[in-house]
Amino acid sequence: MPPGLFSKMFDHGSPESQVESLKRTIKERDETIRGLQGDIGNLRYRLTQIPVVYQAWKPGPPIRPLSTSAIGLPCNWLVPCLREIPPELARTFEVQSFSIDSKEVYQVDLASHSCTCPDFAKRRAGLPQGHALRCCKHISWILKEAGLVEAQDELVRRLLDDRGDPERRFLDVDFPHGHVLLEIIPGKEWVNVFAPKRSSKGPGEVSMFGYDQAGKRWSYGTPPFKPTPIKEAINALFCGRSYA
Ligand SMILES: [Zn+2]
């Protein structure tokens, strides 16, 4: 072996440059460690959130979608014009299916508040005549075309509008003081609450209130009659606590 070759093969430079190189390596390893510590911190945090997420997704019983079991609702959930149908509308109308690929034509009979569509047969036929939720989208459409929807109170208008909007969810919640309707709009942090007003004589007429779930407060600072259980139900709905 020629002299110097051995030292050349393993020559890492002068002792000073070797020290510098080791220092750089140590610095890089330190950075890696700091990064890993950050990752571990994140993972620990995510671990603590798993029970929260699990809770949030756990199904809860007594709040149910408002559809078939809504008998016995306050009387202003009825559509007044369907209780006293104007004579010129007390007849059958033909409405073509709103589905693009369907040529089906349904018969809407306002006199008997009924429709021949599958949705009516499946979910609505059992509700009393005049009930807002007995209106499938075809009945709602005829009422709108006849200009009768504007005259309804806010709750009925919303119930009729809901027919065409699958995103919105109405939930019917039973409280000891009566039914309350919650309108949940996915992606929004407030809930519209249809509940009796406060009055000096107890529950007043049903009106619309807004509850800001993120801020935990009633819109305009105006709560409905007996707001606490309603608030708790909404918070439970959003936070996944049991709302039995
Ligand atoms: Zn229908």
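Student: How many helices and strands are in the protein chain?

Tutor: The protein chain has seven helices and nine strands. Both are DSSP runs, numbered from the N terminus: helices are H or I with at least four residues, strands are E with at least two. This is a predicted model, where local features need pLDDT of at least 70, side-chain atom pairs count only at pLDDT 80 or more, and totals for chains, interfaces and linings use all residues. Residues are numbered from 1 along each chain as its sequence is written.

Student: What is the mean pLDDT of the protein chain?

Tutor: First, the term. pLDDT is the predictor's confidence in each residue, from 0 to 100. Here the mean is 75, and 72% of the residues reach 70 or more.

Student: Over which residues does pLDDT stay under 50?

Tutor: Residues 53-76 are one such stretch. The model gives them 43 contacts beyond four places in sequence. A contact means two C-beta atoms, placed from the backbone, within 7 Å. Residues 240-244 also have pLDDT below 50, with 15 contacts beyond near neighbours in sequence. Where pLDDT is low, the predicted coordinates should not be read in detail.

Student: What share of the contacts with a separation of 6 or more comes from residues 24 or more positions apart?

Tutor: In the protein chain, that share is 49%.

Student: Now the sheet. In what order do its three strands stand?

Tutor: Strands of a sheet pair through backbone hydrogen bonds, either parallel or antiparallel. Two strands count as paired if DSSP finds at least two bridges between them. Here the order is S2-S3-S4, in an open sheet with antiparallel pairing.

Student: Why is one side of S2 and of S4 left without a neighbour in the sheet?

Tutor: Strand S2 (92-96) and strand S4 (114-115) stand at the edges, and each has a single partner strand, so one side of each has no neighbour in the sheet. Between S2 and strand S3 (residues 105-109) there are five bridges. For one of the residues, Thr 92, the bridge partner in S3 is Asp 109.

Student: Which residues have the most contacts inside the largest nonpolar core?

Tutor: Start with burial. A residue is buried if 20 or more other C-beta atoms lie within 10 Å of its own, exposed if 12 or fewer, and partly exposed in between; C-beta atoms are placed from the backbone. A nonpolar core joins buried Ala, Val, Leu, Ile, Met, Phe, Trp, Tyr and Cys residues through C-beta atoms within 7 Å. The largest one has 19 residues, and Val 108, Cys 115, Cys 135, Ile 139 and Ile 142 have the most contacts inside it. At least two residues come from each of S3, helix H5 (137-145) and helix H6 (154-161). H5 gives the most, with four. Leaving out residues up to four places away in sequence, Val 108 touches Thr 92, Phe 93, Val 95, Cys 115, His 138, Ile 139 and Ile 142. Another core lies apart, with 15 residues, including Leu 182, Val 191, Ala 233 and Ile 234.

Student: Is H5 mostly covered or mostly exposed?

Tutor: Mostly covered: seven of its nine residues are buried. Trp 141 and Leu 143 are among them. Across the protein chain of 244 residues, 23% count as buried. Just after H5, Gly 147 has a positive phi of about 75°.

Student: Where is Tyr 220 found?

Tutor: Tyr 220 sits in the loop between S9 and helix H7 (227-239). Its phi is positive too, about 55°, although Tyr 220 is not a glycine. With 8 other C-beta atoms within 10 Å, Tyr 220 is exposed.
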